[in-house]
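Here are a few notes to go with the model, jotted down while looking it over. Have it open as you read.

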Amino acid sequence: MIGTRRFAGTATVVLAIAVAASVAAGFDLVKDRAAVVLDDLAQLAAGLYATGCCWWTARRGTGPDRRWRVAMGLGTFGWSVGMALWTWYQVVEDRAVPSPSPADAGYLSIVPCAFVALLVIGNHRRSDSSDALLDHRSRSARVVLLLDGLIVVGSLFALTWTTALGGLVAAGNPSTAAFLVAVAYPVTDLALLVVVVVLSADRNVVLRPQLRLLGLGLAGLAASDLAFAYLVSVQAPEVPPLANAGFVLGPALIALAALAPTPSATGGPARNRRSWQWAYLLMPYVPLLVCTVLVLRRTVIGEVRPLDAVEIGCGFTVFVAVILRQLVTIVDNARLVLMLRESERVLEHQAHHDPLTGLANRAVFERRLDEALARHHDGGTPFGLLFVDLDDFKAVNDVSGHAHGDALLERVAQRLRGCVRDTDVVARLGGDEFGVLVEGVAEPERVAFRVLDSLGDEISASVGVVICAERDPETTAASVLKCADKAMYEAKRDGGRGLVIHP
């Protein structure tokens, strides 16, 4: 693990050397046997460099950050041993490498180690779950992940079979062991890439830069494995060095994954995370598009060999998986729309109601008062306004605590609601102040007496009442509230536990 600026410089140098070695061996800058020696030594050096970087940085890491590096170091070490054996056959003994050979065991040892490293990275997750779109761990989200993996597996397997594995089968290789070894490379590579894709769906993976670089390194190895299998399937006389570029770039990228700075567990910038979300959402369709283009190409050029049973079965499986994924997505989107509407309803309710008592808040009460006053001016509809204030409520909080005071306010709200009709408005105006608005009632003061009776001896309150029965163009909502507040204070001056009707 190194600093960000130093890592950028190191990455540039490492990738430049890897690309230069591949170009020199692949484009005849170094020819004949020298090209083979350069190619083999570059692969061996890249593998040993990846091993050293993994184990060197593991000494300074802790927890999962250390464990994945140890596991990946073991994998690249085994791969380097296989590369050393391959180099011995080609460079020292100057003979063709047998298939299978001990080198294959070394190469394939990277598979279980990489699998362990990926699982360690995937299990190291931050606790934040703010990304509801991709971090939703519902059953439908798990089904979508499974179908995405199936689409990727099916598409890449069809591509691998069409370009390499099918040719191996058609070639009729007499050695079963050789065939199994040749097939093992692309199949295991495919399995590792699918694990990378599935882990990329989890937005809470902490070691995301390491996951990306490790995935790119494994993809490089997979590309050269696939190229090697294809060349074997067409019985090519030799493997050109350029086809081995992934064997140089892959370990180099794994080394950079080990050297990459460990990100914080609090999450990256929202912009980067949104960009990666779109990349993930489109990811399952990229290999599907490649396979579709390949099939169309074969159809257009009129290739003689028809689709075999494996290609047909694989294509049908991928098609069904795509349809199921779309159906699950449609159902999930419909569920999300319902959840969004319910959230909007809850937010709207919270914006217009007191969170403690559930009564309407002051803004709603004033709006309803304006509407009642407009009806009163237009059609003469009478209304009454009650301003209720609890007596000595501060002493309740000071002596019994705020929890007891909150419980008292909730009881007052329930009793006020029980004294009026559903069409009337009961609101908490602030603190221990409540407002009651009743329309179309001949004697609103009766509601005030009912309120006092409901509160009883347990709860002492003062009530100011304003009755608007006759039209007065000068009356406004502010003046009505002011009159009700004045009447309430007159009731308090009279000793509380009573009501005063504003004249």
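This is a predicted model: local features need pLDDT of at least 70, side-chain atom pairs count only at pLDDT 80 or more; totals for chains, interfaces and linings use all residues.

1. The largest nonpolar core counts 53 residues. W68, M72, L118, L214, L218, I254 and L256 have the most contacts inside it.

2. Who builds that core? At least two residues each come from helix 1 (4-26), helix 2 (32-58), helix 3 (64-92), helix 4 (102-108), helix 5 (110-123), helix 8 (176-200), helix 9 (208-233) and helix 10 (245-259). Helix 10 is the top contributor, giving ten residues.

3. Of its 15 residues, 14 are buried, so the rest of the structure largely encloses it. Its length checks out too: at 1.5 Å a residue it should span 21 Å, and its end C-alpha atoms are 21 Å apart.

4. Leaving aside residues up to four places away in sequence, L256 touches F7, T10, A11, V14, L15 and L213. There is also a second, separate core of 25 residues, with L416, V420, L455 and V465 among them.

5. Now the strands. Strand 4 (residues 461-468) and strand 5 run parallel, joined by four bridges; G464 has V500 of strand 5 as its bridge partner. Between the two strands the chain passes through helix 18 (residues 477-493), and this β-α-β crossover is left-handed. I'd have a look at that spot yourself.

6. Which face of strand 5 is covered? In strand 5 (residues 498-501), G498 and V500 make up the covered face, while L499 and I501 lie on the uncovered one. In a regular strand, side chains alternate between the two faces of the sheet.

Terms used:
Residues are numbered from 1 along each chain as its sequence is written. Side-chain values use heavy atoms; hydrogens and water are left out. A nonpolar core is a set of buried Ala, Val, Leu, Ile, Met, Phe, Trp, Tyr and Cys residues joined through side-chain atoms within 4.5 Å. Buried means under 20% relative accessible area, exposed over 50%, partly exposed in between (1.4 Å probe, protein chains only). Contact means heavy atoms within 4.5 Å. Two strands pair if DSSP finds at least two bridges between them. A crossover is right-handed if, with the strands pointing away from the viewer, the path from the first strand over the helix to the second runs clockwise. The expected span of a helix is 1.5 Å times one less than its number of residues.
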